[in-house]
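Got your viewer open and ready? Load the model below, and let's walk through it one selection at a time.

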Amino acid sequence: MSTTDTITLHPSRSTFAASRTALGALLLRDVVVLRKNLGEFVVRTLIQPFLLCFVFLFVFPKIGQSVGGGTHAAASSVNFATILVAGVVGISIMFQGVQSVALQMSQEFGFTREIEDRVQAPCPIWLVALSKVLGGCLQGLISAAIVLPIASVVHAKGVEADLSLRWLLILTLVPLSCLAMSSLGLVLGTSFEPRNIGLMFGFVVLPITFLGGTYYQWTRLAPVKVGGFHWLQTLVLINPLIYVNEGMRAAFTSAPHMHLYIVYPVLLGFCAVFLSIGLRNFRRRVLS
Amino acid sequence: MTSPTSHSIIRTEGLSKTYPGADAPAVNSLDLTVEQGEIFGLLGPNGAGKTTTAGMLTTRVIPTSGRAIVAGVDVVTHPAKAKQSIGVVSQTNTLDRQLNVWENLYFHGRLFGMGAAESRATADQLLEQFQLAKWAKASVYALSGGMAQRLMVARSIFHRPAVLFMDEPTAGLDPQSRLALWDILRTLNAAGQTILLTTHYMEEADQLCHRVAIMDHGRILALDTPAGLKRSVGADSIVLIKAEGDHDALAAALSAALPDVTKIRTVDQGLEMHVRAADRILARAIAAAEAAGFDVADISLTEPTLETVFINLTGKELRD
């Protein structure tokens, strides 16, 4: 094998060509790992949406408990199942970003040190980080696809979600949301040490989840105000999940939602901000 | 680019690194040339700058100043390109835990642009060569430290790099695995593989390397073949004498009585003498010590080692 004539004494390929095949190989590796862990992946992806739908759409109606202010819900033309189904897709995409990118990367940096080998790939190191984000995107897309049917199955009688699919929105907003959330995962994974993962969940993931419009529409937060100031509706605008969930509402249901000319550019903006912070963090962690 | 006649595979000019916030440079103006086909060792204690040097050559540490050319490519300005010609085995286990043993090799091949068939064939062949074939489907968690190390070496040479960089390759390995790894590296080298390794084991540098650079405080103190370095000590024997009493007085007595002693220093419970042309030195040393009123408890004769060279250069021992 390694005889003098087979050892490459000088790089033989252009950096562009080498980077392209390296990116392909990094993604191929992610797909193979995903296929190996498919069972675990499906369970991990489905358990939260299943529990959400089970409690809110099956148990609550059975025991006659309305979710929060029943009067408003009754006044609304949109039932809670419809609100929740979009939120469940959004939150699944977000958790995929956290789990497949942030947790994975935090481990590879801190515990397995795998990243040290990965960055020796014959490509710029930002491409290694980007491949993680793209791998996370792929998992987000798959989870969105397998989560949606849950809400149409798990519910009590008469609590069906009212779906109306808009394919153009689905095919653009779902990938955009996956990219934004995977990029968020890159930021988190490169910012938190494995021993601080608990902090990450407590201070970042939980607030994003509960204040991200999963269980309610952003458009209906207006009544929460001090004086004339709709403080909650304003405050949650810093939460990227709001735009994901409102986007899912627009794509999958006919429920009222935030204007799409806000959703698209803001999601794009979050992608840009998270990617630039995440790639910079990654570079700092890898190089000295 | 190197000139066509040059066979140097690594060349650095004034290569320096000062980490942010550090008072002193970790590597200080290093000029180094490694020839094709060499096993080259960077020997020094922890903190000497070996790992930083290897880090700069493998694109992971960005130099503060200076240049480094590896396989004809400037690693600072074209790191992605240089990585095509670099193989790295790091100190820690960096195997992909989600892939099995065979897949760790296979995907490395794909990462470096080999096709599926070629990667498959090379993975099979390397597992045979590194005696890991029966572990092909095993999780990397199942491997012992020595086996994991072998797999990392196999992976690092998969893409036939111009240089294989190994950072403390045998640190943490049991003696048997260490010898086995040395054999592997010799075999690879015999087939033309250039290897640069960092180590703080003087035996490793002595046994394995064609040339050794002794480093301390970010500088190269001496660079030669292990034999050449040992000759530089200017002594062909080292005598260790253990005796009770005032060691300074004993040292004075011995150096007065024995003209062939070139250097003498105090060590644990005794003295170490460097001796040139040491004819009957043990008998004469005992006689001289006893004449001065000391009881010699123990005396031994060894040849100079790289440890001796290091002590000569720095006044301190290589091992902490």
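**Stop one: a leucine in chain B**

Select L179(B): it counts as partly exposed because it has 13 C-beta neighbours inside 10 Å. (Buried takes 20 or more other C-beta atoms within 10 Å of a residue's own, exposed 12 or fewer, and partly exposed is in between; C-beta atoms are placed from the backbone.) This is a predicted model, where local features need pLDDT of at least 70, side-chain atom pairs count only at pLDDT 80 or more, and totals for chains, interfaces and linings use all residues. To find your way, residues are numbered from 1 along each chain as its sequence is written, while chains are lettered from A and ligands numbered from 1 in the order in which they are written.

(Helices, H or I with at least four residues, and strands, E with at least two, are DSSP runs numbered from the N terminus.) Next, pick A283(B), which is 104 residues from L179(B) in sequence and 36 Å away in space, C-alpha to C-alpha.

**Stop two: all of chain B**

Zoom out to chain B, with its eleven helices and 14 strands. Its C-alpha trace spans about 80 × 45 × 40 Å along the principal axes. Of its 320 residues, 48% are buried.

**Stop three: where the chains meet**

Show both chains: 33 residues from chain A and 35 residues from chain B take part in the contact. (Two residues are in contact if their C-beta atoms, placed from the backbone, lie within 7 Å.) On chain A's side, highlight helix 1, which gives the most, with ten residues.
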